[in-house]
Number of protein chains: 2
Amino acid sequence: MIKTGFLTIISVVLTLANTVPVSASKRYNEPIKPIPADMKYDKQKVELGKKLFFDPRLSKSGWLSCNSCHNLAMGGDDNLPSSIGHQWQLGPINSPTVLNAKFNLAQFWDGRAKDLQEQAAGPIANPGEMASSHQLAVATLQSIPSYQSLFEQVYGVKKITINEVTDAIATFEETLVTPNSRFDQWLLGNEKAITQVEKEGYALFKVKGCVSCHNGVGVGGNTYQKFGLVKTYSKDEENLGRYNVTKQEADKYVFKVPLLRNIELTAPYFHDGSVWSLREAVNVMAEYQLGLKLSVPETEKIVAFLKTLTGKQPQIIYPVLPPETVKTPKPDRS
Amino acid sequence: MIKTGFLTIISVVLTLANTVPVSASKRYNEPIKPIPADMKYDKQKVELGKKLFFDPRLSKSGWLSCNSCHNLAMGGDDNLPSSIGHQWQLGPINSPTVLNAKFNLAQFWDGRAKDLQEQAAGPIANPGEMASSHQLAVATLQSIPSYQSLFEQVYGVKKITINEVTDAIATFEETLVTPNSRFDQWLLGNEKAITQVEKEGYALFKVKGCVSCHNGVGVGGNTYQKFGLVKTYSKDEENLGRYNVTKQEADKYVFKVPLLRNIELTAPYFHDGSVWSLREAVNVMAEYQLGLKLSVPETEKIVAFLKTLTGKQPQIIYPVLPPETVKTPKPDRS
């Protein structure tokens, strides 16, 4: 009995050992969560959205597309302090990355768009950006038979409206996630995915308080915070942030916390694009948000950790756009 | 004997029928030749060239790439009358397509660059286009470790020069061909690849004389011709064409004959981008180059034929560009 019992116990233990999923070693309790890799999408809608995302005919000039400022070759932004719009107007604020943007609680630095679809409607009609109008953008698409039939297939509509246009763009953007970063591999149980220095950087990131704002799947993007929490930030007083939306005095200079995913790809940093070096950005954050001065080794380690957040970039097959027709409104560069 | 002989003959005939290559029905004697589909390239060099082609950091502003004006989503051009350059300067001439550009006898409308490599050097340093300099472009690439190592792998150099940069871009551009158009399928023996109307259009294209300039693999691109051969063209008197290069009076308003491959994708037409409709473009050519007035059915048929020249567009996996470093020269939008 005892012997049998012992063997039974061993057997149970072995069985358990075999059936315990790899996830047993996953780090469930960390404040940063891995990007799920198995999201499902409506392929046809995504394909339409991709065409629209890359189509410069949604702009007045016929030259600027969503991808102009959210360049998927460059981490989903334009690597400029602020974007260039119609007639070379310089925007007031740094273009945030479109990569993983679905993990933001709202869109734009001031959160004025509740989701990706609402965001997509903005730049098309912004006179300083794509400078078109929803009416003109829709008329352009409606004039192109191949777009007509794609919208009919995907949405069952003969008459395109801006809602289908922005819904398709948003659906494409939802696919733009970057799973499988080395940090996520580590979260998922691969001990060797990050180095000792990077682990120490992550430990510092937590203990110094960075993680209080930069957490979750996006490593940010889920709260609004004042830029200059413990020390007044005076480099940019023009962008009022969340105040634009709420008109509450307390919301002046309050911005959505940016995602830190792929942060090494998206310099320059902050809403004002004022800092090019990740090292300097970390120090500015420590000084203005946490009231800390980091040592050089501490900064280096945190930067090393941040670079583990670069994930697998979406593989995009560059679309071939359907040709315009004689009915298509002509591009207007003026 | 007779019977055996007869069977032998049958057997020979059958054997011949089986071994006669499909090419027996190929149309070797047509003035238009199919695009070869089996070209071989140095893959690593092509991959580097693709990155450079899409990299806006080759421009002063960090915002304009080769692809800005030669957009591979839109038939290899920008579908504008003339391109938009640094600070929204409008170019003097229509951007020709980069697709099949290797089949041109020289590059630019006036043929001032002898090949794709020489062409690629132009826009980077043109103050009205990318507005950078070769020195700045090279310094930018040299500051990015991942580019450094790619250039070292491909060219065995530690110090990048503009020669490697333009060679890689040109090598990528050489891959941008569009084989397998319906017309090429017909040339290669597939009788059903084009319709009766399209065949009639092609017959008209030959008999009316269009083919005297638009022939060869590119359906153009292999001679210079005066725009306004039989009737003075007065819509654009500023672009002097080949005269820019030769300073010969006879070369005023002489331009390289454009390729007609994928012509349905590359409106607006002509060096001045003055015509959006392919129908109208055909009529202008008939009037100014051939001294003809085509009937409506003739025009329609020729247009139908021209649309059979749209080939398989290159499938481009959008590159992921390496991030800049703190040493990288900053983009200058001014």
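Accessible areas come from the Shrake-Rupley method with a 1.4 Å probe. On that basis, the accessible surface of chain A comes to about 15,100 Å², and 57% of this surface belongs to carbon and sulfur atoms. The structure is a predicted model, and the values below are computed from its atoms.

Chain A has 334 residues, of which 53% count as buried. Its C-alpha atoms fill a box of roughly 90 × 55 × 35 Å along the principal axes. The secondary structure of chain A consists of 12 helices and two strands. Read from the N terminus, the order of these elements is α-α-α-α-α-α-α-α-α-β-α-β-α-α. Among the contacts in chain A with a separation of 6 or more, 70% are made by residues 24 or more positions apart. The charged side chains of chain A comprise 37 positive and 33 negative ones, and the centres of these two sets lie 5 Å apart.

An annotated site in chain A may be considered next. An unreviewed UniProt entry places the feature "binding site" at A:Cys210, A:Cys213, A:His214 and A:Met285. These positions are spread over 76 residues of sequence, yet they cluster in space, with a largest C-alpha distance of 11.4 Å. Two of the annotated residues can be described in greater detail. A:Cys210 is located in the loop between helix 9 (196-207) and strand 1 (224-226) of chain A. Because its relative accessibility is 16%, A:Cys210 counts as buried. Not counting residues up to four places away in sequence, A:Cys210 touches A:Phe205 and A:Leu290. A:Cys213 also belongs to the loop between helix 9 and strand 1 of chain A. Its relative accessibility is 18%, so A:Cys213 counts as buried. With neighbours within four places in sequence left aside, the contacts of A:Cys213 are A:Gly220, A:Asn222, A:Thr223, A:Gln225 and A:Val257.

The discussion now turns to charge pairing. Side chains of opposite charge can pair when their charged atoms come close. Over all chains, a search of the whole structure finds 36 salt bridges. One of them joins A:Arg27 to A:Glu191, with the closest N and O atoms 2.3 Å apart. A:Arg27 lies in the loop between helix 1 (2-19) and helix 2 (43-54) of chain A, whereas A:Glu191 lies in the loop between helix 8 (182-187) and helix 9; the pair therefore ties together parts that are 164 residues apart in sequence. A:Glu191 counts as partly exposed, at 41% relative accessibility.

A further salt bridge links A:Lys60 and A:Asp332, whose closest N and O atoms are 3.9 Å apart. Since A:Lys60 lies in the loop between helix 2 and helix 3 (66-69) of chain A and A:Asp332 in the segment after helix 12 (296-307), this pair ties together parts that are 272 residues apart in sequence. A:Lys60 is partly exposed, with a relative accessible area of 25%, and A:Asp332 is partly exposed as well, with a relative accessible area of 30%.

In chain B, the side chains of B:Lys50 and B:Glu47 meet in a salt bridge with an N to O distance of 3.5 Å. B:Lys50 and B:Glu47 are separated by about one helical turn, because they are three residues apart in helix 2 (residues 43-54) of chain B. B:Lys50 counts as buried, at 8% relative accessibility, while B:Glu47 counts as partly exposed, at 38%. In chain A, salt bridges that share partners join A:Arg27, A:Glu191 and A:Lys199 into one network.

B:Arg242 presents a contrasting case. This residue is found in the loop between strand 1 (224-226) and helix 10 (243-246) of chain B. B:Arg242 is buried yet has no salt bridge, and the nearest side chain of opposite charge, that of B:Asp251, is 5.0 Å away. A salt bridge requires a side-chain nitrogen of Lys or Arg within 4 Å of a carboxyl oxygen of Asp or Glu. Apart from residues up to four places away in sequence, B:Arg242 touches B:Asp110, B:Gly111, B:Arg112, B:Tyr224, B:Asp251 and B:Val254.

Finally, B:Asn180 occupies the loop between helix 7 (162-174) and helix 8 (182-187) of chain B. At 47% relative accessibility, B:Asn180 counts as partly exposed. The C-alpha atoms of B:Asn180 and B:Leu309 are separated by 9.0 Å, although the two residues are 129 residues apart along the chain.

Definitions and conventions: Residues numbered from 1 in each chain as written. Chains lettered and ligands numbered in written order. Predicted model: local features only at pLDDT ≥ 70, side-chain atom pairs only at ≥ 80, totals over all residues. Heavy atoms only, no water. Helix = DSSP H or I, 4+ residues; strand = E, 2+ residues; numbered from the N terminus. Buried < 20%, exposed > 50% of the residue type's maximum accessible area, 1.4 Å probe, protein only. Lys, Arg positive; Asp, Glu negative; His and termini not counted. Contact = heavy atoms within 4.5 Å. UniProt positions renumbered as here; feature names shortened; annotations may be inferred. Charge placed at Lys NZ, Arg CZ, Asp CG, Glu CD.
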